Amino acid sequence: MASNKRLLVLPGDGIGPEVMTEVHRIINWFDHRRAVGFDVSEGLVGGASYDKHGTPVVDDVVDQAMQSDAVLFGAVGGPNWDGLDFSVKPERGLLRLRKDMGLFANLRPAVVFEGLIDASSLKPDLVRGLDIMILRELTGGIYFGEPRGVEEIKPGERRGINTEVYTTSEVERVGRVAFELAGKRKGFVHSVEKANVMESGQMWREDMQALRDREFPEIPIHHMYADNAAMQLVRQPKQFDVLVTSNLFGDILSDVAAMLTGSLGMLPSASLGASDATGRRLALYEPVHGSAPDIAGQGKANPIAMLLSFAMALRYSFDLPEDAELVEKAVSKLLDTGLRTDDIMGNGMTRVSTSAMGEALVTELDKLAV
Ligand code: NAD
Ligand code: IPM
Ligand code: MN
């Protein structure tokens with residue numbers, strides 16, 4: 001077989017380590033049953049790193065991430081660290097990895113599994129067969145724009161500042177990913193901004209349209225305001241194929257999309273950088289959800305978003321699309337058996353723990369692989 005693939009595993013905080021434990025089962029399964037070998041190393045990130053090193057990610061972990069073929073990331077943050085200075089908050093560890101690794105394209109697919117139709121908060125007909133891709137710009141916008149901070153204007157009066165900034169090249173590089181993805185899917189793109197109130201949004205709209213006219217004339221583009229897009233996502237989600245948007249709007253709209261699928265515990269993501277001359281591309285895979293402090297340590301977390309994020313790594317970093325599909329199919333079969341974590345529990349289903357869900361996935365993989 002080909003040489004081992006280098007995986008850096010960063011479990012993080014809260015339910016991060018719990019859902020990551022289940023990924024290890026699947027990695028072992030691939031190792032033993034498919035002879036797909038991974039060199040796995042593990043590091044600290046988020047609050048776990050802060051507690052040991054006083055910073056949410058150390059340079060060495062960032063270097064390791066740069067040298068890995070893929071990073072698997074759990075979740076960071078929680079009440080223990082909420083009071084910290086902004087510069088050392090757990091979330092800053094994740095933001096630094098995204099920025100330093102240049103992971104500008106964040107793919108957040110929202111796919112509804114047949115077994116979970118009733119777990120969605122929308123009516124079955126609206127979500128049955130749903131398969132949309134939210135593409136979130138991940139290294140620009142208001143998350144990183146300057147100026148930022150809080151300043152005192154006069155005693156008792158402060159000013160808090162964040163700045164939305166995009167350049168044409170930033171819009172175009174994520175736009176290209178959107179059009180390329182759409183070309184392999186249903187073939188159309190919704191570009192989402194607030195061109196009606198934000199200059200940067202108007203520029204985003206104009207640059208997206210120009211890019212489409214110049215390089216992708218065969219792909220229809222629809223422009224939509226972000227507030228309307230939020231409404232349309234819960235009104236008629238199947239009208240979308242690829243929805244491309246800025247960092248902040250993508251953060252919000254992907255949490256909305258999670259509930260179409262039944263739970264935030266179902267949504268995976270892939271964060272991708274640009275390919276270099278050799279075709280190598282940095283990548284980080286993480287569930288869309290956070291560290292879920294309200295259920296951490298209780299064995300209640302749904303590991304599927306994390307497991308599907310590993311499937312995305314198989315597809316986008318390791319060129320193993322069939323193995324990715326195998327994991328996705330096993331998740332579908334697992335849901336057909338009626339096993340459910342708390343978040344997706346329904347009438348007549350069997351409530352199980354995080355680890356029982358991971359074990360059951362291995363059973364389904366075994367069945368599919370015979
Ligand atoms: P959250 O995503 O952690 O939780 C929101 C709700 O969804 C909670 O009720 C939680 O129990 C539930 N939930 C989330 N994932 C679940 C899963 N896998 N299974 C079952 N239920 C699940 O968001 P929050 O509560 O707003 O944030 C908590 C902390 O996580 C904050 O510190 C936040 O900054 C951080 N956060 C981190 C990431 C990340 O690391 N990528 C993402 C989002 C939030
Ligand atoms: C996400 C999270 C992160 C974000 C936080 C933890 C930095 O909410 O990945 O969706 O806002 O991007
Ligand atoms: Mn988020």
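This is a predicted model: local features need pLDDT of at least 70, side-chain atom pairs count only at pLDDT 80 or more; totals for chains, interfaces and linings use all residues.
Are Phe 179 and Phe 216 buried or exposed?

**Stop 1: Tyr 166 and Trp 204.** The model holds six aromatic pairs. Select Tyr 166 and Trp 204 to see one of them. Their ring centres are 5.2 Å apart and the planes meet at 70°, over the 60 degrees required, so this pair counts as edge-to-face. Tyr 166 is in the loop between strand 7 (157–161) and helix 6 (168–183), while Trp 204 belongs to helix 7 (residues 199–215), so the pair ties together parts 38 residues apart in sequence. Tyr 166 is buried, at 7% relative accessible area. Trp 204 is buried too, at 2%.

**Stop 2: Phe 179 and Phe 216.** Select these two rings. They form a stacked aromatic pair, with 4.9 Å from centre to centre and 25° between the planes. Follow the chain out from each ring. Phe 179 sits in helix 6, and Phe 216 in the loop between helix 7 and strand 9 (221–225). The pair links distant parts of the chain, 37 residues apart. Here is the reply to the opening question: Phe 179 and Phe 216 are both buried.

**Stop 3: a cluster.** Select Trp 29, Phe 30, Phe 38, Phe 310 and Phe 318. Together they make up one aromatic cluster.

**Stop 4: charges over rings.** Select Lys 89 with Phe 86. The charged end of Lys 89 sits over the Phe 86 ring, 5.5 Å from its centre. Then move to Arg 136 and Tyr 143. The charged end of Arg 136 sits over the ring of Tyr 143, 5.1 Å from the ring's centre.

Technical notes. Residues are numbered from 1 along each chain as its sequence is written. Chains are lettered from A and ligands numbered from 1 in the order in which they are written. Side-chain values use heavy atoms; hydrogens and water are left out. Rings of Phe, Tyr and Trp (its six-membered ring) pair if their centres lie within 6.5 Å; planes under 30 degrees apart count as stacked, over 60 as edge-to-face and the rest as tilted. Helices (H or I, at least four residues) and strands (E, at least two) are DSSP runs, numbered from the N terminus. Buried means under 20% relative accessible area, exposed over 50%, partly exposed in between (1.4 Å probe, protein chains only). A charge sits over a ring if NZ of Lys or CZ of Arg is within 6 Å of the ring centre and within 35 degrees of the ring normal.
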